[in-house]
Amino acid sequence: MNYIEENEYIIQCAYDSIGREELKRFFCADFREIVESVVRKSEQITGTELDSGYRDFLSQFYMEAIAGVLINWITDREYRDRETVIQYLVSTIRESLMGILDGLPTADREYRQENTSVC
């Protein structure tokens with residue numbers, strides 16, 4: 001968010017010139033490694049290993065969410081202040097990701113049991 005504030009004029013020009021989707025792609029490219037490292041670190045903390053496809057899905061999901069929130073913040077800063085946006089992003093990602101990882105083995109076992117019964 002520092003980068004956005006320091007380069008507000010350029011980013012607003014880029015938004016006006018290339019549009020929302022292209023700016024979102026730009027942000028996603030910047031966030032890919034960061035988000036993937038957060039997901040992997042969370043796996044280490046919980047002692048859980050995600051299927052690579054699900055890890056990629058979660059990384060993409062969080063990247064899209066962060067990029068979308070930042071673009072909304074760029075276009076309407078009066079909606080939420082900087083610190084609130086940061087707090088919401090951190091809380092949402094941390095709590096949802098840890099909830100997914102903490103609950104995954106149990107949910108996976110229950111899914112397998114439900115889908116292997118013969119009726």
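Partly exposed denotes a relative accessible area between the buried range, under 20%, and the exposed range, over 50%. The model shown in these views is predicted.

**View 1. Two cysteines, C13 and C28.** C13 has a relative accessible area of 33%, so this residue is partly exposed. C28 reaches 9% and is therefore buried. The structure holds zero disulfides.

**View 2. The loop glycine G47.** G47 sits in the loop that runs between α2 (8–46) and α3 (52–75). Its relative accessibility is 68%, so G47 counts as exposed. In sequence, 55 residues separate G47 from D102. In space, their C-alpha atoms are 9.1 Å apart.

View 3. The model contains five aromatic pairs. One of them joins F27 and F31, with ring centres 6.0 Å apart. F27 and F31 are both buried.

**View 4. The aromatic pair F57 and F61 in helix α3.** F57 and F61 form a stacked pair, 6.2 Å centre to centre, with 25° between the planes. Both lie in helix α3, four residues apart, about one turn of the helix. F57 has a relative accessible area of 49%, so F57 is partly exposed. F61 is at 49% relative accessibility and counts as partly exposed.

**View 5. A cluster of rings.** Y54, F57, F61 and Y62 are linked into a cluster by ring pairs. The stacked pair of F57 and F61 has its centres 6.2 Å apart.

Technical notes
Residues numbered from 1 in each chain as written. Predicted model: local features only at pLDDT ≥ 70, side-chain atom pairs only at ≥ 80, totals over all residues. Heavy atoms only, no water. Disulfide = S-S within 2.5 Å. Buried < 20%, exposed > 50% of the residue type's maximum accessible area, 1.4 Å probe, protein only. Helix = DSSP H or I, 4+ residues; strand = E, 2+ residues; numbered from the N terminus. Phe/Tyr/Trp six-rings, centres within 6.5 Å; stacked < 30°, edge-to-face > 60°.
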